[in-house]
Amino acid sequence: MANSKKRVPMNHVIGFVLSLVMTLVAAWAAIGSDLPVTWIIIGIMILALLQAGVQLFMFMHVTEAESGNGHVPWNMMFHGFALAGIIVAGSLFTMSFGFDHDHGGGGGDHQQHEEQEQQDHSGH
Amino acid sequence: MHITDILVTGEPIIYGAMVSMALVGIALFFLLTYFKKWGWLWREWLTTVDHKKIGVMYILSALLMLFRGGVDAMMMRVQLAFPDLGFLNSQHYNEIFTTHGTIMIIFMAMPFLIGLMNIIVPLQIGARDFAFPYLNALSFWSFFFGMALFNISFVIGGSPDAGWTSYTPLSGAAMSPGPGQNFYLMGLQLSGIGTLATGINLMVTILKMRAPGMKLFHMPIFTWSTLVTCFIIVFAFPILTVALALLTIDRIFGSQFFTLTGEGLPMMWANLFWMWGHPEVYIVILPAFGIFSEVIATFAKKRLFGYNVMVWSMIVIALLSFLVWVHHFFTMGAGAFVNSVFSISTMLIAVPTGVKIFNWLATLYKSKIEFTVPMLWSLAFIPSFILGGVTGVMLGMAAADYQFHNSYFLIAHFHYVLIAGTVFACFAGLVFWYPKMFGHKMNERLGKWAFWLFFFGFHVCFFPQYFLGLDGMPRRLFITNVVEWLPLNVISTVGAFGMGLGFIVFVYNVYYSFRYSERETTGDSWNGNGRTLEWATTTPVPYYNFATVPYVDEIDPYVRMKEEGKTTFEESKVKPIHMPSYTGQPFIMMAFLGLASFGLVFEWMYVAVFGLLGGVVMMIRRSFDYDDGYYVPVEEIKRTEKKARGL
Amino acid sequence: MAAEELKTGPLEYRTQEGQMGIMGFWIFLGAEVVLFSTLFATYAVLFGRTADAPHPGELFEPGIVLIMTFLLLTSSFTCGLAIHEMRRGSVKGLTIWMAITLALGLGFLGFEIYEFVHYAHEGATIQSSAFWSAFFILAGTHGLHVTLGIGWAILLLIQIKQRGLTNVTSRKFFIISLYWHFLDVIWIFIFTSVYLIGMVI
C-alpha cells in the first residue's frame, strides 16, 4: 500500500505560501495602502477568488482523474460559484430597487459593480 | 402549562377534525394490534431502505396531503360562493389558505413526484437501489416528520396564517406572535433537509449507477428530468434553508433581518423566498414533463420526437429558472430597469417550454394513439397547460402585472400550470406505473370516470377565475359579496366539488382495483408497449430489481430487448447481489429532530435541546456503524426469478 | 451496488461506494456554496444598516482577524499534509497532522468566540441591528461548521485507531479534508468581503 510518493508534497507547500502571500497583500491593500477604495475592493476580491482556486485545485484535488467522478466536482463548484454571483449581485441589484442613491458621495462613480452597491448602502 | 393552553379551541370545524382524527387514530391502533401487525409495520416499512417501499410511502403521504389540502380548498370555495353564510371566520380563512398552499406545494406535489422518482428512476437505469439507501430513508422520515409537524398545527397551537409565502413583516414576531408561523418555519425546514438529501442521492445514483453502456444521452426522459430537477434542488433548497433559518432566528432569538425595527429589510424575505421559490416551480414541473413524455411516447407507440432537444430544453429551463425570481414581486416598487430585466428573462423561459409542447405534438402526429387513462391525463395536459402558460407570459410583462398582481387572474394562472402540469402528471404517472408498484393495474373504467370528473371540474373551477381576476377580485379575500362576482364564484365552487368527486372516485378505484383487478403476470403491463428498462423486470419487482443488468447502448432499450428475446434474467450470468441492510436508525434520528423542531415551535428550549442531542447521538452511532449490507445468494435469485417468470 | 474493487490508485477511490460517497460530498459542497452565498447576499444587502449600534469599522480589529486567518490557512495546509500522509499509507502521519489541524481549528474558534464576546460588550449583538444580525449569522454559521468539523474529525480519529487504513476509513478522511479546505475557502471570502471591506469603507 505504501506509495512511492515523495515525502514533502511540493504543490501543497507552494499553495500554502501563495495563500499566505495573497492574504498579506490583501491585508496591506486594505489597511496600509492609499489606493482608491473601488480598486482596493476589486483587487482584494480577485485575490480571494485566486485563493479559492488555490484551495480547490492544489489542496482539494478537484480535477483528480483517478476519482472516477469525471467532471462532477468541477461542475458543481463552477455552477455553485456562478450561482453565488447571481445570488449576491442579483440581491444587491433587486434590493437597490434600481434607483440611484440620493447621497452625493463616491466621487460620481456610477459603476453597477456589486461592491460599489455595498459602498452605497453604507451611506444610508 | 395546561393542555388547553395549546389546543385550538372554539372552532366547531376543528373540533370535528379533532374527533375524526382521534377516531382514525384509535381505529388504526386497534387494527394493527388486533391483526398483530406492529412488528410487520416496523420490519417491513419503518425500517426499510428499499427505494420502492420508500417511494410507496411517499406517494401514500402525498395522497393523504392531497386530501387535506383539497378539504382546505373546498372550505374556501364554500366560503367564497356563499359569503353571507358565515361558514368561516376571517382568521380561520387565513389559516386555511395558508395551509392549503403550503401543503399542496411542499407536502403534496414534491413528495408525490419524489415518490415516483424513488420507485422508477433506479428501475429505468438498471440500478439495484439508490446510491445511499440509508440517506434515502433519512430523507423520507425527515419529510414525514416535517409534514406531521406542519399538520398538527391546526389542532395544537394554531395554524400559520400569513400565506404560503409567509411575507414579512406580517409573519414576523411583532405581527404574528405565537407558534403558528413557527410551525410553518420548522415544518418546512425539516422536510427541506430531506429534499436536499434526496436531490444529492438521486444525482449520484443517476450519474454513477447506470446500466453498463448507458450514456447520459441514452437515459429515459423521466430520468433526465429527474437529474435536471435534482440539480435545481441542490442549488435552490439551501436558499430556502437560509431564509427559513433567518426568519426563525428573527422570531425566536430577536434578530433584525426582516423586522421594521433595527433597520431590518422586510422585502429581503420576498427576495430570498422567491430565489428559492421560482426554481421550486420548476422542481415540480420538470418531472411532470418527464412523466408526460414517457406516457405519450408509450401510447403513441413511437420514440419520443426530438429527444435531444427535449433534454436541452430542460437544461435551459433549469438555468433560466434561477434568473427570473423578481417577477413574483414586480409590484414591490423597484424601478423600471430592475423590472424590465426580469420581465425579459421571464419571457425567455417560454421558449424552451414551447419547444417541448411542439415535441409532444410531433410525437403524437400520425401515431396510433391508445387512449388509456394515463394517456388521457397526458393529452388533457397539453391544451390545459398552454392556457396556464400563455397567461403566465401575460403576468410576466411587468407593466401589465401591476393590474394582474394579487388578483384571481394570478390564482387561475398558477392553478392552471400546477394542476394541469403537476397534478395531472402525478395521476398519469401513478396510474402508468401502478402495476410496477402493486402488481395490478387500476381499473380503466373507474379511472376514466375519475379523469373526466377531475378534468371538467378543474376547468369549471379555474377558468372563471381568470375573469374574476380581470373583474378585480383580489386573492386571499374572505368576503366576496360583490354582485358581479357572485355567479362566477358559484360556478367555480361547483367545479371544485367536481374535482373533489373525481378524487373520491380515484381513491375508490385504489380499493376497487386492489379487490378485483387482474394480477399482472408479465412485467410489460401496457400490452407490451413498454420501451424502457422498468418494464423489463418482473411484476411485482423483486427487491434486488434486476437479476442481471442488460447492456444498454440506445434510447428505449427494452424495445430491442423484446425483439431479440432478451430478459433481465440470463441464468448463466447471475452473480450474488450486494444489498443494503434495513435499519431503524433513520426513523429514530428524524423522530428526535422532529421533537427538537416541535420544541422550537413552542420555544420550549429544553425539549429542543434534548431532541437535538438525541439526533446528534444517532449521527454519532451512524458514524461508527460499519454495516456493509449482505449478499443475495445466486440460488435465491434463480428461485425468485423462475417463480416470477413462470419458468 | 458494485462490489468490485480496483487494485491501484488511492484507497478511497477503489470501490464504487467510495467514489459515490466522494461525488455525493462534492455535490453537497455545491449546495453549501449556495447556502453561504445566500448569507453573503443577506450581509451585503444589509450592509450599513447598523441602526444605533456601532459601525463595523469602529469594532473590527485587523490583528485578531489576521491571526484567525493564518490559523485557518495553516490548518488547511496541515489537513492537506494529513491526506498526503494517508496516501503514503502512514496512519501515524495522518493522525499527527490531523491532530495539529484540529488544534489550529480550536485556536481559530477560541479567537472567534473572544471576538464575538468583545463585540457584544461594545453593544453589537445579534439583536442590535440588521447589519449585526447578518454579521453574526454569517460568521457564526462558518464557526458552527468549524465546530461540527472538529467533532466529526475526532470521531474519525477514533475510527482510524480502531480499524486502520481501509477503503472506508480513507474515504471518510478524504471527505473531511474536502470539508475542511472548503471551510477555508468560505473563510477567505468572509475575511475579504466582511472584515477587509468593512475596514476600508
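Modeller: We start with a contact. 31 residues of chain C touch 35 residues of chain B. The model is predicted: local features need pLDDT of at least 70, side-chain atom pairs count only at pLDDT 80 or more, and totals for chains, interfaces and linings use all residues. Residues are numbered from 1 along each chain as its sequence is written, while chains are lettered from A and ligands numbered from 1 in the order in which they are written.

Colleague: What makes two residues a contact?

Modeller: Their C-beta atoms, placed from the backbone, must lie within 7 Å. On the side of chain C that touches chain B, α1 and α5 (130–163) of chain C each supply at least two residues. α1(C) gives the most, with 15 residues.

Colleague: How many residues take part where chain C meets chain A?

Modeller: Chain C puts in 45 residues and chain A 50 residues. The elements of chain C that give two or more residues to this side are α1 (16–45), α3 (62–87) and α6 (167–200). Here too α1(C) gives the most, with 15 residues. By class, this side of chain C has 28 nonpolar, 13 polar and 4 charged residues.

Colleague: Why are α4(C) and α5(C) called roughly antiparallel?

Modeller: Helix α4 (residues 91–121) of chain C packs on α5(C) at about 155 degrees, and the axes are 10 Å apart. Axes are lines fitted to C-alpha atoms, for helices over the stretch in contact, and angles run from 0 to 180 degrees between N-to-C directions. Under 35 degrees is roughly parallel, over 145 roughly antiparallel, 65 to 115 roughly perpendicular, and the rest oblique. The angle falls in the class over 145, so the pair is roughly antiparallel.

Colleague: Is the crossing left-handed or right-handed?

Modeller: Left-handed. That word applies if the near helix is turned anticlockwise from the far one by less than a right angle; clockwise would be right-handed.

Colleague: Which residues meet there?

Modeller: Among them are C:Met98, C:Leu102 and C:Phe116 in α4(C), and C:Phe136, C:Val146 and C:Leu157 in α5(C). The contact has 14 nonpolar, 5 polar and 1 charged residues.

Colleague: Where does the record place transmembrane regions in chain C?

Modeller: An unreviewed UniProt entry gives residues 21–44, 64–83, 95–114, 134–158 and 178–198. UniProt positions follow the numbering used here, feature names are shortened, and annotations may be inferred rather than shown by experiment. In the model, residues 95–114 are 100% helix, with end C-alpha atoms 29 Å apart. Residues 134–158 are 100% helix too, and their ends lie 36 Å apart.

Colleague: Why does B:Glu263 count as partly exposed?

Modeller: B:Glu263 has 19 C-beta neighbours inside 10 Å. Buried takes 20 or more other C-beta atoms within 10 Å, exposed takes 12 or fewer, and partly exposed is in between, with C-beta atoms placed from the backbone. So B:Glu263 is partly exposed. B:Glu263 sits in the loop between α8 (221–253) and α9 (266–300) of chain B. Its phi is positive, about 60 degrees, although B:Glu263 is not a glycine.

Colleague: What makes B:Lys301 partly exposed?

Modeller: B:Lys301 has 14 C-beta neighbours inside 10 Å, so the in-between class applies. B:Lys301 lies in the loop between α9 and α10 (307–320) of chain B. Its phi is near 55 degrees, positive in a residue other than glycine.

Colleague: Where does B:Pro169 lie, and is its peptide bond from B:Thr168 cis or trans?

Modeller: B:Pro169 is in the loop between α6 (133–152) and α7 (180–208) of chain B. The bond is cis, with omega near 5 degrees. The bond from B:Thr539 to B:Pro540 is also cis, with omega near -10 degrees.

Conventions. Helix = DSSP H or I, 4+ residues; strand = E, 2+ residues; numbered from the N terminus. Nonpolar A, V, L, I, M, F, W, Y, C, P; charged D, E, K, R; others polar.
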